Amino acid sequence: MRTFILTTIIFFITAELQTAGASSSVKRPRKKRAWIVDSSPVSFDLEEAREGVFPHILGQLNVAKDFLPGCFLSGPGVDEEPMDLFQLDQTRAVIEVNEKVDYEKNKNFMLTLECSSSENVHMRSEVEIQVLDVNDNAPVFDKVSYETSVKESTPQGTDLVTVRALDLDDSSTGNGLFTFTILSVSPEPTNLEFFIKQQSQTGWISFRGCLDYEEAQMYTIIVEAKDHGAPVQQSSTSTVTVNIIDSNDHKPELSVKTGSGRVKEREIGVVVYTLEVKDGDHRGSAGWRAKYTLHGEKEKNFKIETDLTTNDGIISVVAPLDFEESPELTLSVSIENEEPLFSCKVKQRRSGSLWDVDYFRDVSSSALLSFPLTITVEDTNDPPELTHAVEHVTVMENTTAGQILWTITATDQDSSSPAGFTFLKGEDVDNWVTVDTETGQVSTVKVLDRESPFVKDSVYTVTVYVVGKGEPPMTGTGTLVIHLLDQNDNLPVLEMNTLSMCLSETNIDITAVDLDLPPFSGPFNYELLGDVKEKWRIEPSFGTTVTLVKDSSVHSGHHELSVKIADSQGKFSVQHLTVSVYSCSIEYSGRTGKGPTVGLGVPAIAIILISVLLGILLVMFSLFSCACKKGQLLMREIQDVEGSLIHYNVEAPGTDASNYLQK
């Protein structure tokens, strides 16, 4: 196999060598060699937007005559976009321009000139056409107008607004370079001068001096952007609006230097003084709005609020004042604006730089004004003051009537009021006490019961009044809180005296209650009385809730039991308990006192349904039998009378048959 493959390879190699030898022996015709010559680049200048007749000559090419017939141009502006701007006149060896060229679209063109002679010599040259810019574009602002708002307190030298412009002409020449200039400012400022700083295509408008809201609330500035082109300069303008926001450059001014007011003692919610201020700043602004603060005696008894419409300070009483304690009060009011005060005054103007100004701004707080105020408290009849507004007493329940609980004492702060008081009883829901109108002695009028429904948590409350004899009569209020101590005055009783249980059950719970508190209540001792041995028993016999156990010998029926129940102190009662025992197969709650409800099983229900169906069938059979017998009887009677019928030659029945059927 290897020998076969090797022989085949040698055969093909030999055949290829013979073919190559035969080919090389054939003679080919000799061609003349072509020469390609690269000429030096050629450059022409073309002014954009040139006027005149088209086409016009751009420039002369230095090409031998025998090459001209085989010359052609290619590249952008000829056979590439923008198409047909240039063409080659082969007869004159010149490049011609067919239409206007725009520098802003094409700044130069790189063309290729290729020529060939009859001697098979090829020449290739690069032709560059440089478009010369002319000043045919004005600088254009990025906005038709600008607007900004600045505070009156803004210091000089602050940049207020930024303007930008763009010139499409060549930025390396004066055609594309421009300068910002402020042409006009309206209204014309007095202590203020706007100027513009420029860097490249951006300008920043700033100012020298002081802004004054009271002089002008708005300035309109005309800004020009003019290029440096020649012989004609192009320009455009934009409008800049600067709004001035009022700041606090005026202090609040008081209409009066001091003030005084009057208020009756214990009177609240009344206005005692209105403080009027004036401010030269814009109404409603933070520099105009006033803030008031009270200082001095009993300042917490007053409040001061700012009237948002008038800016006045309204002083009113929020806590009662006492003439006997302070018949006259001295207060002071500090006034400031919400915004810090500032001031700006021009001292000297400087050309080309910021001016010399006297600028002040208190960043911590605005200027304070102090206003002294005297408040006179007018004396009125004061209510009596109880020595103890709330009196707590502790009394054992079941205390007999006539027990003195409290003697009310009171004082009157008014030295001019007549001496003496009248004592009255207020709220006493169960009428437990009486109050002596002259002495103020509070005594019981009935036996006090801690278990009364009007007692809550062993406490009973009574309200009393003390009426002074001044004019008008004033009343003081006191409260008597009676704490009742418990006694063992209640016996334990069963919670429920009637119980029900099934015969199959062996026990049921019983519970006793006692209205007294420990240690006069539970846990209790239980004991069954009577002949119940080996029938009923209680397990355990001590506790609040115990178990009544039924013996298996007890039959169904009603059983009357006597239960002795003793509290922790040995006081007892004998309670009658009725236990109903039923034969039942379902569960129920024996503590309801009602007998069990007997339920029907599935077999019982089936028997009842079958019985009902049989009854219905029996009734239907009886009715059917009666109907059949009545029909037979009727037919028999008809047959009996059939022989007595008289035949007539008419279709209607005889009257005798008709009458018989109607019977």
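Helices, of at least four residues, and strands, of at least two, are taken here as DSSP runs and numbered from the N terminus. On that basis the protein chain of this predicted model holds three helices and 45 strands. The chain has 663 residues, and buried residues make up 35% of them. Among contacts with a separation of 6 or more, 67% are accounted for by residues 24 or more positions apart.

The model contains three disulfides. With bonded cysteines counted along the chain, their pattern is 1-2, 3-4, 5-6.

One of these disulfides joins Cys-71 to Cys-115, with an S to S distance of 1.9 Å. Cys-71 sits in the loop between strand E3 (56–60) and strand E4 (72–74), while Cys-115 belongs to strand E7 (residues 108–116); the pair links distant parts of the chain, 44 residues apart. The torsion about the S-S bond of Cys-71 and Cys-115 is about 115°, so this disulfide is right-handed. Both cysteines, Cys-71 and Cys-115, are buried.

Another disulfide joins Cys-210 to Cys-344, again described by the distance between sulfurs, S to S 1.9 Å. Cys-210 is in the loop between strand E14 (202–209) and strand E15 (218–227), and Cys-344 is in strand E25 (residues 342–348), so the bond ties together parts that are 134 residues apart in sequence. For Cys-210 and Cys-344 the torsion about the S-S bond is about -70°, so the disulfide is left-handed.

The remaining cysteine pair to describe is Cys-502 and Cys-584, which form a disulfide with their sulfur atoms 1.7 Å apart. This pair also links distant parts of the chain: Cys-502 lies in strand E38 (residues 498–502) and Cys-584 in the loop between strand E45 (572–582) and helix H2 (602–641), 82 residues apart. Cys-502 and Cys-584 are buried.

Cys-344 leads on to the largest pocket. This pocket is lined by 14 residues, and those nearest its centre are Leu-211, Asp-212, Asp-249, Cys-344 and Lys-345. The space in the largest pocket is about 250 Å³. Its lining is made up of five nonpolar, three polar and six charged residues.

Charged residues also pair with one another elsewhere in the account. Side chains of opposite charge can pair when their charged atoms come close. The count for this model comes to 16 salt bridges.

One of the salt bridges is formed by Arg-92 and Asp-89, whose closest N and O atoms are 2.7 Å apart. Arg-92 is partly exposed, with a relative accessible area of 41%. Asp-89, at 16% relative accessibility, counts as buried. Asp-89 and Arg-92 are also linked with Glu-96 in a network of salt bridges.

Which parts of the chain does the salt bridge between Lys-151 and Glu-339 tie together? The closest N and O atoms of Lys-151 and Glu-339 are 3.7 Å apart. Lys-151 lies in strand E10 (residues 145–151) and Glu-339 in the loop between strand E24 (328–337) and E25, so the pair ties together parts that are 188 residues apart in sequence. Strand E25 is also where Cys-344 is found. Lys-151 is partly exposed, its relative accessible area being 41%, whereas Glu-339 is buried, with a relative accessible area of 8%.

A further salt bridge is formed by Asp-159 and Lys-197, with the closest N and O atoms 2.9 Å apart. Asp-159 is in the loop between E10 and strand E11 (161–166), and Lys-197 is in strand E13 (residues 192–199); this pair, 38 residues apart, links distant parts of the chain. Asp-159 is partly exposed, with a relative accessible area of 39%. Lys-197 is partly exposed as well, with a relative accessible area of 35%.

Technical notes:
Residues are numbered from 1 along each chain as its sequence is written. This is a predicted model: local features need pLDDT of at least 70, side-chain atom pairs count only at pLDDT 80 or more; totals for chains, interfaces and linings use all residues. Side-chain values use heavy atoms; hydrogens and water are left out. A disulfide is a pair of cysteine sulfur atoms within 2.5 Å. Buried means under 20% relative accessible area, exposed over 50%, partly exposed in between (1.4 Å probe, protein chains only). A salt bridge is a side-chain nitrogen of Lys or Arg within 4 Å of a carboxyl oxygen of Asp or Glu. On a 1 Å grid over the protein atoms alone, a cavity is a set of points where a 1.4 Å probe fits but cannot get out, and a pocket is an open set with protein on both sides within 12 Å along at least five of seven lines; lining residues have an atom within 4 Å of a point. Grid points are joined across faces, edges and corners, and a volume is the space filled by probe spheres set on the points. Ala, Val, Leu, Ile, Met, Phe, Trp, Tyr, Cys and Pro count as nonpolar, Asp, Glu, Lys and Arg as charged, and the others, Gly among them, as polar. Contact means heavy atoms within 4.5 Å.
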